[in-house]
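Here are a few exercises to work through with the model open beside you. Try each task before reading its solution.

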Amino acid sequence: MKAVIFVIDGLGDRPNSEGNTPLKEANTPTLDRLAKEGINGLMNAVDIGVRPGSDTAHLALLGYDPKINYTGRGPFEASGVGLDVKPGDVAFRCNFSTVDENFTVQDRRAGRIDDTSELEKLIDGLEIDGVKVIFKESGGYRAALMLRGEGLSDKISDADPKKIGLKVKEIKPLDESPEAKKTAEIMNKLIKTVYERLDKHPINVERKEKGLFPANIILPRGVGEVPHIVPFEEKYGLRGACIAGTGLIKGIAKMVGLEVIEVEGATGDAFSNFDNKAEALIKAINDYDFVLVNVKGADEAGHDGHYDVKKDVIEKIDVMLEQVFKEVDKNEVYFAISGDHSTPIEEKDHSADPLPLIIWGKSVRVDEVDKFDEYTAHKGGLCWIKGLHIMPILMDLMGLAKKYGA
């Protein structure tokens, strides 16, 4: 038996004035059929009342307690863009941004600059106080940064003020350790060095002449020390893979030892190539024991407050699943289908609202639920569970769970 965790990123929502959500209103015959054929319930990926990030949620869904394994988003971003992360490295996610001569932020995304590959070369490989700087742009204004050396700590603050018109924050140690003090000093020196190198660079001089925001600084945030994580295959005895369009989810997959399957046209937004993802999943089920799938577009629509777009993405995902289940044998694979968090239209951000969950496959105790939405799932036989329960349930169904006790 094999298993798939299929994550519809940002799936859940709150009712609008008519009592509907994008999922409730969407035409989802495949998901409804799977709900009818499976066992259903509600799920909070991390815990009840906790607004999870996509990173902490996916760790939990894979059976890794984020309270133990999560140090910050930076390491997963760095892993996702292809940096060779090692335990003990301190990593950050970054924006190329625009500041004036007083380090006041004028644009946090440098006018959404679309190519920073030349600017990357001015940062990667720097050495400050004996610590190596490893840097890689990850498309447009986004980038990842790592520090590698002795005596480092992730107990430091961010530089990003999060709003324009405010000055870049001085990075400060968050505890009294010499390691935190050293790391904060290195990062403050690095930010100033980057500004000196980037501000007068021909690319930025040209952008200024054209009235565009120059990419003349980086704003590191989401710091975390690269954690020691037990590889997925060692933890479960399953050879696993991941299909995703976003760097963060790919980074989590790489960090736990899942093989990332690159899919042409998988962009992580509403225009992602769902057909190619379906074909990749069908093949992956044949090639691997376990597959994690993340489909992102509904989350993007939630953040943007676009109700109809979110509904449309959910319907596209349903068609994608229809393709997959034409090829799936119920006697060979289990599916857990849910989200990682809710992204309500009214919030335009993650929320702690619970998610509908289906577990489908051989010998599950089919309940009376026949619709996949936030309103019906609570009637299901799974009741209300957490993300950390998903892998143990799947392992038990697959006949791979170890007995607890005599």
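Buried means under 20% relative accessible area, exposed means over 50%, and partly exposed is in between (1.4 Å probe, protein chains only). This is a predicted model, where local features need pLDDT of at least 70 and side-chain atom pairs count only at pLDDT 80 or more, while totals for chains, interfaces and linings use all residues. Residues are numbered from 1 along each chain as its sequence is written, and side-chain values use heavy atoms, with hydrogens and water left out.

**Exercise 1.** Which salt bridge joins Lys311, and where do its two residues lie?

Lys311 meets Glu315, at 3.5 Å from N to O. Both sit in helix α13 (residues 307-325), 4 residues apart, or about one turn of the helix. Helices here are DSSP runs of H or I with at least four residues, strands are runs of E with at least two, and both are numbered from the N terminus. Glu315 is partly exposed, at 21%. Elsewhere, shared partners link Arg14, Arg51, Glu346, Glu347 and Asp353 into one salt-bridge network. The whole structure has 26 salt bridges.

**Exercise 2.** Describe how α3 packs on α10.

Take the geometry to begin with. Helix α3 (residues 54-61) and helix α10 (residues 247-256) pack at about 35 degrees, their axes 10 Å apart. Axes are lines fitted to C-alpha atoms over the stretch in contact, and angles run from 0 to 180 degrees between N-to-C directions. Next, list the contacts (heavy atoms within 4.5 Å). Ser54, Asp55, His58 and Leu59 of α3 meet Leu248, Ile249 and Ile252 of α10.

**Exercise 3.** Which residues of α2 are buried, and what do they pack against?

In helix α2 (residues 29-37), the buried ones are Thr30, Leu31, Asp32, Leu34 and Ala35. These pack against β1 (2-8), β2 (39-44), α13, β12 (333-338) and β13 (355-360).

How values were computed
Salt bridge = Lys/Arg side-chain N within 4 Å of Asp/Glu carboxyl O.
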